[in-house]
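The following exercises are to be worked with the sequence and the three-dimensional structure at hand. Each task is followed by a solution in steps.

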Amino acid sequence: MNKDCNKDHSAIQHIMKELPISQKGLERHKCAACAYEIGYEHGKKRQKILDIDDVLKGLDYSQAQQQRHKSAHAGYMKGYYDGLKDSYK
Ligand SMILES: [Zn+2]
């Protein structure tokens with residue numbers, strides 16, 4: 001079951017601020033910051049098979065801080081990109 005996110009996402013508020021707004025389908029009220037962190041891990045591992053719907057379904061809910069109403073899909077992809085970049089360091 002999805003619960004409310006109670007993680008501390010204060011370190012990535014500047015990233016959350018830049019994400020587009022979306023409340024469509026599976027993204028509705030899901031935590032875009034958790035999505036970013038999952039995407040980051042997948043990118044860092046250079047995971048090549050991605051199931052976005054599965055990620056979105058598994059996310060906890062959030063109405064907090066800058067991630068409020070932001071696109072969890074975009075959060076995931078931004079995290080993936082940042083993780084991928086860091087994997088080359
Ligand atoms: Zn979260």
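**Exercise 1. Determine whether the radius of gyration of the protein agrees with that of a compact globule.**

Solution. Step 1: the radius of gyration is taken over C-alpha atoms, and the globule rule is 2.2 Å times the number of residues to the power 0.38. Step 3: along the principal axes, the C-alpha atoms fill a box of roughly 35 × 25 × 20 Å.

Two conventions apply to the exercises. Residues are numbered from 1 along each chain as its sequence is written. The model is predicted: local features need pLDDT of at least 70, side-chain atom pairs count only at pLDDT 80 or more, and totals for chains, interfaces and linings use all residues.

**Exercise 2. State how many helices and strands the protein has, and in which pattern they follow one another.**

Solution. Step 1: helices (H or I, at least four residues) and strands (E, at least two) are DSSP runs, numbered from the N terminus. Step 2: the protein has four helices and zero strands. Step 3: along the sequence, the pattern is α-α-α-α.

**Exercise 3. Describe how helix α2 and helix α4 cross, and which classes of residue form their contact.**

Solution. Step 1: axes are lines fitted to C-alpha atoms, for helices over the stretch in contact, with angles from 0 to 180 degrees between N-to-C directions. Step 2: the axes of α2 (residues 32-44) and α4 (residues 72-87) come within 6 Å and cross at roughly 35°. Step 3: this crossing of α2 and α4 is right-handed, a term for the near helix being turned clockwise from the far one by less than a right angle. Step 4: the contact of α2 with α4 comprises twelve nonpolar, seven polar and six charged residues. Here Ala, Val, Leu, Ile, Met, Phe, Trp, Tyr, Cys and Pro count as nonpolar, Asp, Glu, Lys and Arg as charged, and the others, Gly among them, as polar.

**Exercise 4. Decide whether Cys 34 is buried or exposed, and list its contacts.**

Solution. Step 1: Cys 34 lies in helix α2. Step 2: Cys 34 is buried because 23 other C-beta atoms lie within 10 Å. Step 3: contact requires C-beta atoms, placed from the backbone, within 7 Å. Leaving aside neighbours within four places in sequence, Cys 34 is in contact with Cys 5, Lys 7, Leu 59 and Asp 60.

**Exercise 5. Locate Arg 46 and classify its exposure.**

Solution. Step 1: Arg 46 is in the loop between α2 and α3. Step 2: with 11 C-beta neighbours inside 10 Å, Arg 46 counts as exposed. Step 3: phi of Arg 46 is near 55°, a positive value in a residue other than glycine.

Terms used
A residue is buried if 20 or more other C-beta atoms lie within 10 Å of its own, exposed if 12 or fewer, and partly exposed in between; C-beta atoms are placed from the backbone. Two residues are in contact if their C-beta atoms, placed from the backbone, lie within 7 Å.
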